Amino acid sequence: MSRIDMNIMIVGTGYVGLTTGVVLAKLGKEKKISLTSYCIDSIQEKTEMINAGTPPFYEQGLEVLLKEVIKEKRLLASTHIAEFINDVDIIFICVGTPSRDDGSMDLQFIQSASRDIGNALRSAKSKPVICVKSTVLPGTTRNVVLPIIEKHSGKKVNHDFGIMATPEFLREGNAIHDNLHPDRIILGEMNERHGRIVEDFYEKLLSGVPLLRMSIESAELVKYTSNALLAMKISFANEISRLAETIPGVDVTEVMKGVGLDERISSKFLNAGVGFGGSCFPKDVSALVDFTKRQDLVPHLLQSILDINETQPIHFVNLLMKNIPEDLEDLTISVLGLAFKPGTSDMRHARSLKIIEHLKQIKKVKTIKVHDPIAMETAREELSNLKIDVTFSKTIEECIQDSDACLIVTEWDVYKKILPKTYQELMRNPFVLDGRRIYDKNEFSSKIKYKAIGLGEISKK
Ligand code: UDX
């Protein structure tokens with residue numbers, strides 16, 4: 001068995017950084033490699049929590065693994081890069097790259113991480129390979145990260161340290177699984193030797209996973225292209241779903257099932273709904289649109305992905321109002337699901353916020369009651385920032401009680417278990433509008449008033 005002694009440093013302990021640090025430490029143990037993950041964050045409170053075995057955010061399966069690697073001293077969090085830089089072979093930059101209001105990328109965290117690494121490198125004896133895992137536009141690693149590190153360290157790339165772009169593709173809620181079983185590892189290199197070091201590292205830890213070496217800029221673009229293509233599949237399904245709603249007998253879920261069986265297409269990410277949210281798709285497609293324009297090109301298709309996504313919550317609310325009898329006034333609407341997807345408390349770009357914003361503009365809507373099994377606190381914060389007043393319900397029953405319509409916005413498992421009978425008994429005017437296609441259309445429509453995204457008039461069999 002191959003034995004190596006290799007330590008890594010992770011700069012930034014968000015979803016990507018901490019889960020990567022934990023999983024690589026765990027894999028080190030499994031493969032009998034002496035590997036320590038040094039996880040750096042500028043916020044001391046976070047590093048203290050991590051060292052105590054408590055993740056600073058919720059991610060399925062993370063706490064158990066974190067406790068394990070902390071106990072075995074395979075992971076150590078700190079605020080000081082300089083303390084450990086001599087012990088590490090690879091440094092992964094995993095800080096956030098949020099978008100500004102105009103869609104362009106805010107690089108302040110990338111810049112400060114590069115500065116901190118550069119300063120620590122100045123008096124270091126080690127020659128680490130620095131890998132940018134954060135999502136950055138093509139050219140950023142070479143033209144932003146590298147000059148800052150060289151300036152602050154006084155050292156030269158390829159001689160004193162290596163630089164690479166190694167984007168990350170994990171999903172929130174599946175971060176541990178995705179880190180353990182990636183579809184591929186993308187290695188963007190400037191120098192063949194450094195590419196080989198990182199390739200060897202991954203081969204030892206994740207043997208069998210396809211490793212693709214390419215230029216730094218290609219690697220950076222792979223990440224944006226992947227996210228834009230996945231987001232495009234969703235917007236595409238949503239556009240077809242609007243069409244489906246106009247044709248009696250058509251159901252977009254049946255259409256997409258038929259389409260997705262074509263191996264060239266695949267059925268993944270073809271679920272029509274109320275649109276995509278989260279910390280990546282909206283931000284990354286916006287950044288790619290902005291980047292394309294700055295290259296003097298017109299982002300026709302990319303822009304449409306965003307346009308469809310922005311209008312899908314309006315379309316959903318319009319669908320609701322079309323199905324509310326004219327004479328009903330002072331409506332109470334229940335919203336089930338607030339998080340941008342199940343399994344997380346994350347509300348970033350959640351479609352629920354847009355839907356609630358639109359509902360608020362409708363005069364007939366008097367009360368909006370909301371529920372989420374996990375995201376109530378983050379939702380409270382977000383909605384109060386937007387100055388939107390809603391009623392937070394502690395239970396599902398409380399949320400749907402006496403309402404005139406119930407909107408399914410996030411497909412949590414607990415909502416899938418609600419029976420038509422429960423809606424029938426609790427609601428003032430039982431009507432379910434399914435924005436995530438969680439219910440059996442035949443069962444529901446035979447028992448209560450049921451409409452859904454992408455569903456034309458239900459055919460009578
Ligand atoms: C995404 C990418 O999947 C991941 O590779 C990348 O690294 C980060 O961005 P994430 O944002 O965690 O991951 O969530 P994902 O599961 O991809 O869902 C994103 C959004 O798309 C959610 O709002 C989800 O509800 C929506 N979605 C997804 C659909 O509306 N339909 C689908 O078919 C799939």
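**Figure 1. Cover of helix α10 in the predicted model.** The buried residues of α10 are covered by elements that include α8 (216–244) and α11 (300–322), where contact means heavy atoms within 4.5 Å. Helices (H or I, at least four residues) and strands (E, at least two) are DSSP runs, numbered from the N terminus. This is a predicted model, in which local features need pLDDT of at least 70 and side-chain atom pairs count only at pLDDT 80 or more, whereas totals for chains, interfaces and linings use all residues. Residues are numbered from 1 along each chain as its sequence is written, and side-chain values use heavy atoms, with hydrogens and water left out. Of the 14 residues of α10, 11 are buried, a class defined by under 20% relative accessible area, with exposed over 50% and partly exposed in between (1.4 Å probe, protein chains only). Among the buried residues are Phe281, Pro282, Leu288, Val289 and Phe291, and the charged residues Lys283, Asp284 and Asp290 are also buried.

**Figure 2. Length of helix α10 and the residue that follows.** Helix α10 comprises residues 281–294, and its end C-alpha atoms are 20 Å apart. This agrees with expectation, because 14 residues at 1.5 Å a residue should span 20 Å; the expected span is 1.5 Å times one less than the number of residues. Asp296 follows α10 and has a positive phi, near 65°.

**Figure 3. Polar atoms facing the ligand.** A polar backbone atom of Leu170 is 2.8 Å from an oxygen atom of the ligand. An oxygen atom of the ligand also lies 2.9 Å from a backbone N or O atom of Asn271. From the side chains, a polar atom of Lys341 lies 3.0 Å from an oxygen atom of the ligand. On its own the ligand has 670 Å² of accessible area, and the protein covers 91% of that area. Accessible areas come from the Shrake-Rupley method with a 1.4 Å probe; for residues, only the protein chains shown count as cover.

**Figure 4. Gln312 in helix α11.** Gln312 lies in α11 and is buried, with a relative accessible area of 0%. The side chains of Gln312 and Arg242 are joined by a polar contact of 2.8 Å. A polar contact is a pair of N or O atoms within 3.5 Å; within protein, one must be able to donate a hydrogen and the other to accept it, and residues adjacent in sequence count only if both atoms are side-chain atoms. Leaving aside neighbours within four places in sequence, the contacts of Gln312 include Asn238, Ser241, Gly273 and Ile453.

**Figure 5. Thr97 in the loop between β4 and α4.** The loop that holds Thr97 runs between β4 (90–93) and α4 (108–122). Thr97 counts as buried at 5% relative accessibility. Its side chain reaches the backbone oxygen of Thr135 at 2.8 Å. Not counting residues up to four places away in sequence, Thr97 touches residues including Met105, Ile110, Ser134, Val136 and Lys283.

Figure 6. Val198 is found in α7 (residues 192–205) and is buried, with a relative accessible area of 0%. Beyond residues up to four places away in sequence, Val198 touches Ile90, Val129, Cys131, Met164 and Leu187. Leu221 lies in α8 and is partly exposed, with a relative accessible area of 36%. Apart from neighbours within four places in sequence, Leu221 is in contact with Pro138 and Leu288.

Figure 7. Most residues other than glycine have a negative phi. Lys73, not a glycine, has a positive phi of about 60°. The loop between α3 (62–71) and β3 (75–78) contains Lys73, which is exposed at a relative accessible area of 69%. Asn158 has a phi near 75° and is found in the loop between α5 (140–153) and β6 (162–165). At 27% relative accessibility, Asn158 counts as partly exposed.
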